[in-house]
2 protein chains.
Amino acid sequence: MMQHDKRGLRRWLPILDWGRRYDAGTLGDDLLAALIVTLMLIPQALAYAMLAGLPPVVGLYASLLPLLLYTLLGSSSSLSVGPMAVVSLMTAAALGRVAEQGFTDPITAALGLALLSGSILLVMGLCRLGFLVNFLSRPVMTGFVSASGILIAGSQLRHLLGIDLTGATLPALLKQLPAALGGFSPATLAIGGGSLLLLWSVRRWGGRGLQRCGISPRPAAMLTRLAPIVIIALAAVIAGSAGWLGNRVAVIGEVPAGLPPLTLPQWQPELWQSLLWPAVLISIVGYVESVSVAQALAVRRGERLDPDQELIGLGGANIAASLTGGMPITGGFSRSVVNFDAGARTPAAGAFTALGILLVMLLFSPLLRELPMASLAATIVVAVLSLVDLPAFARVWRYSRGEGAAMLVTLLTTLLLGVEIGILVGVAMSLALHLYGTSRPHSAEVGRIPGTEHFRNIHRHAVETDSHVAILRVDESLYFANVRYLEDLVTTVIHRDPPPRDLVLTCQAVNVIDATALENLETLNQRLKEGGIGLHLAEVKGPVMDRLSGTELLASLNGRVFLSTFEAWHCLHGQAPTPLTHPDIATSSE
Amino acid sequence: MMQHDKRGLRRWLPILDWGRRYDAGTLGDDLLAALIVTLMLIPQALAYAMLAGLPPVVGLYASLLPLLLYTLLGSSSSLSVGPMAVVSLMTAAALGRVAEQGFTDPITAALGLALLSGSILLVMGLCRLGFLVNFLSRPVMTGFVSASGILIAGSQLRHLLGIDLTGATLPALLKQLPAALGGFSPATLAIGGGSLLLLWSVRRWGGRGLQRCGISPRPAAMLTRLAPIVIIALAAVIAGSAGWLGNRVAVIGEVPAGLPPLTLPQWQPELWQSLLWPAVLISIVGYVESVSVAQALAVRRGERLDPDQELIGLGGANIAASLTGGMPITGGFSRSVVNFDAGARTPAAGAFTALGILLVMLLFSPLLRELPMASLAATIVVAVLSLVDLPAFARVWRYSRGEGAAMLVTLLTTLLLGVEIGILVGVAMSLALHLYGTSRPHSAEVGRIPGTEHFRNIHRHAVETDSHVAILRVDESLYFANVRYLEDLVTTVIHRDPPPRDLVLTCQAVNVIDATALENLETLNQRLKEGGIGLHLAEVKGPVMDRLSGTELLASLNGRVFLSTFEAWHCLHGQAPTPLTHPDIATSSE
């Protein structure tokens, strides 16, 4: 599948495809979606920049040119690119670490991070390495994102209470909390707590309330998504009329009007070296989050998403962010769903969103400066609490103890030791679990269900067996991780008393035999030949057989290759007990 | 399989098992093997210590107590533990790196490395984590070992020519070579070159020559293994009578007589931190090498090797090395094969070898000091050239382009960037290749071979199909790495014109459905239900079905679970085109 049958420029620029079919109807849909997403993105962009430890305007800068780049290069018609919670938290962690090393200019560091992260994504896309992000299983990702949600909410206490609290891990936050609480600001708490309560109420009951007023479910859901900007504005008005703004309640402060600055990257090898590892992790996490939502939405429309093109689109967007005063970005879950529900039909909706942001910056930047930080923090808290998916832990645990444990370990490691170690531990656990499973695969000795051509586990079914013919079925591809298991299995069978005369490996679940396993089978064949035991293969799949032909294994096989297990049984059962010495290889197909 | 049915101490101390059956016949066999291995080990131990950049006697110390520990804890009856070429090269690289950081005492660093490496192995063994070393595929290991052989041979030019040449990579060696060659010593070249020529000739023609003298093949092969000690002694006599020893031809120098020193480890957190990563890599490589040869030999005797017990045995042996002035060790390939061929029947042969080494140290240490380094280097070069397996590259490349490329990349990375980066790149490539393969599995839409119950690929066979019923077979376990592939596959099929009424996933090659894939199937089921398309499963294996029961997927499946593909076909083919809405789940077994 996954054929890339587009040629030349159209392969790299999806806009040349959808652009040709663009018409007025599509334009209307895209414009409406862009309007709604713009209103949703403004508070998010400001708040996530704050979360990353950057001036709020950086979030707006990261929502301009990058969106245009994604429109040119991206393949998802629904993805809304821009600052995103988890990636911003990881950015904060990276900036904190390089600050300890003496790079105290967070803006330069954020630009470097976006540049590196974008370059990594772009190179991976050009090399078609999208499959590499499959290193992350969903339970591990859920564990990581849940922990990130908790850490983000914890970090916002600072703005909600007007206290001095920083820390990249739960222990660090908890340790500072008692001392920090001493200096809390009642006015800030009133504004922040009030915003939180309102946002939460709208999220909980807003949709249903609007439906009762006769608005149909989908627009109702979309309107509740606009609550943050309304509530923040309300909070600003209330705090302003109480005379708190700028003194008792912190505000965003100066938001420069106009176009973003051009920030050409400077060659800073030491800084970049420190940022390389965080950039790799940010790329992986950002891409996995982004491609998951894009894929889910594409599937709902019956569209096909090209994961490698997504790497190019996000890579280009991040590089654009680094050139125009931005920060690392990716596709956001909630905004993309809104974008989809609002009817966005092409990536052009993203470009219109960027135009919307630009208009707001040109016309309303004096208003933005009066927004209270506490209300922005409240929008973050409400948004990220939906990232914390506790029922998933019970569900996964019930289904698979191993995967449940991996999920929990990822959650705890992220909370206790920070995002970077957390995601690494998660990746390692995903891989280790998979290898553990395939290195000790399920296997069975099978016998014939009397009167049929079916063969089943001799321990589960009443089957016909032959002490001279042992038929083994290994339910896994044969590859480097499980060759020792196979050796052990065969050794057990051939050291029976009496030993079998023939051993049949039935391969219907063997999808690959890699070079390690091939070498192993050759050794096994040699040993069985010395012991006078025939080695036969049955039900070898077409692609596996294609590769086996021409190998030493088939040339010297001390037995035959049968099309089906039944054929092997039919041929070997009840034979005189003399070992086969001249291999006679039938060919199999598919 | 792989059951650990032994209880209590016997589980952890294999000696309690084989020790009870020990008799005079076994003793005789073990003593003979020990004698031959001792004579082989003496030059190897001295030479590999030199290779690691340590005083030669360290190699002998590492061949005493560690062998006793392995006798107590190890499970292989044939493995010969002690200093080994590749591990010594990796030790040299690690010592070189910490020397750059200011830890200029190589002996202390080697002890720390053995302690860390032993502890890692021991902990892995106690936690039964032997499967983790499956991260290394055989082609990658062959690439790494071949490169190590070349690097080792290159490093010995120093002793063979009496020049000043050091370097951990091929470029480093080549860069120094021209300048170093200026100071070469003709006497050293005569001794080194002469030894090399003799050793090579014996290796090449010795066995055949002895056979012509009427000695049967096996003892002849064993006698040629003793050539190194004879040739080194000869070289010492010749160089001594020419008056070269100690001035024009470098000798080993003082070898302290008597027992090894007790070297209790001191708490050196900074040194240990620098050594931790090299220790991990040395543990993995040493263990993989060791367990491969032990497994191959165990299989030839029909014995079973416990990989986790091997971790404990090697871990104990390395810790013992760190306590008695030694260096990192592991099971050696050539010595183990000789040990096996010479008739070693139990791990006691290792203890007798240690006794042999001790006797030599007590009685002959004044003789050892006169051995010329150039001859020892010649034995290393001849030994490691057999590690370089160039035909394997062609063989693997023919079988699998991907694995061949991984092998070559590992070889080149190791040669150009050193052993540590080389092995890491190798591990990463093993994993990436495996994931790449399973993330884009083979899949087929199948149809019925007319008149049979067999279903085959519609593109390879003339089969009966039904435009209302699409039957998909994915030849891979469904897990996090390939869920997107499955989504894509199904999307393609259901967007046909006309779309199918029923979709059957036939699962005979699906050995596992992990939590990520389960979630995905649930989403898929939901989507198909909305589209009025039935989703059915067929040939679900017992273990997979056991885990699926009780999940949301089965509870809300928009179709049925069929025992066989034929049953699904029989039931769905020719049905009235109305979508199933009430799931009716039959149970499947294995």
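A residue is partly exposed when its relative accessible area lies between the buried limit of under 20% and the exposed limit of over 50%.

Buried means under 20% relative accessible area and exposed means over 50%, with partly exposed in between. The model described here is predicted.

Over all chains, the structure holds 10 aromatic pairs. One of them joins Tyr479(A) and Phe480(A) edge-to-face, with 5.0 Å centre to centre and 75° between the planes. Tyr479(A) and Phe480(A) are both buried. Trp200(B) and Trp205(B) also form a pair: the ring centres are 5.8 Å apart and the planes stand at 85°, so this pair is edge-to-face.

## Nonpolar core

The largest nonpolar core contains 283 residues. Residues with the most contacts inside this core are Leu503, Ile513 and Leu548, in chain A and in chain B. Leaving aside residues up to four places away in sequence, Leu548(A) touches Ile513(A), Leu518(A), Leu537(A), Val540(A), Leu553(A), Leu554(A) and, in chain B, Tyr399(B).

## Charges over rings

Tyr399(B) also has the charged end of Arg547(A) over its ring, 4.6 Å from the ring centre. Likewise, the charged end of Arg547(B) sits over the ring of Tyr399(A), 4.6 Å from its centre.

## Cysteines

The count of disulfides over all chains is 0. For Cys571(B), the closest cysteine sulfur is that of Cys507(B), 16 Å away, which is too far for a bond; the cut-off is 2.5 Å. Cys571(B) is partly exposed at 26% relative accessibility, and Cys127(B) is partly exposed at 48%.

Definitions and conventions: Residues are numbered from 1 along each chain as its sequence is written. Chains are lettered from A and ligands numbered from 1 in the order in which they are written. This is a predicted model: local features need pLDDT of at least 70, side-chain atom pairs count only at pLDDT 80 or more; totals for chains, interfaces and linings use all residues. Side-chain values use heavy atoms; hydrogens and water are left out. A nonpolar core is a set of buried Ala, Val, Leu, Ile, Met, Phe, Trp, Tyr and Cys residues joined through side-chain atoms within 4.5 Å. Buried means under 20% relative accessible area, exposed over 50%, partly exposed in between (1.4 Å probe, protein chains only). Contact means heavy atoms within 4.5 Å. Rings of Phe, Tyr and Trp (its six-membered ring) pair if their centres lie within 6.5 Å; planes under 30 degrees apart count as stacked, over 60 as edge-to-face and the rest as tilted. A charge sits over a ring if NZ of Lys or CZ of Arg is within 6 Å of the ring centre and within 35 degrees of the ring normal.
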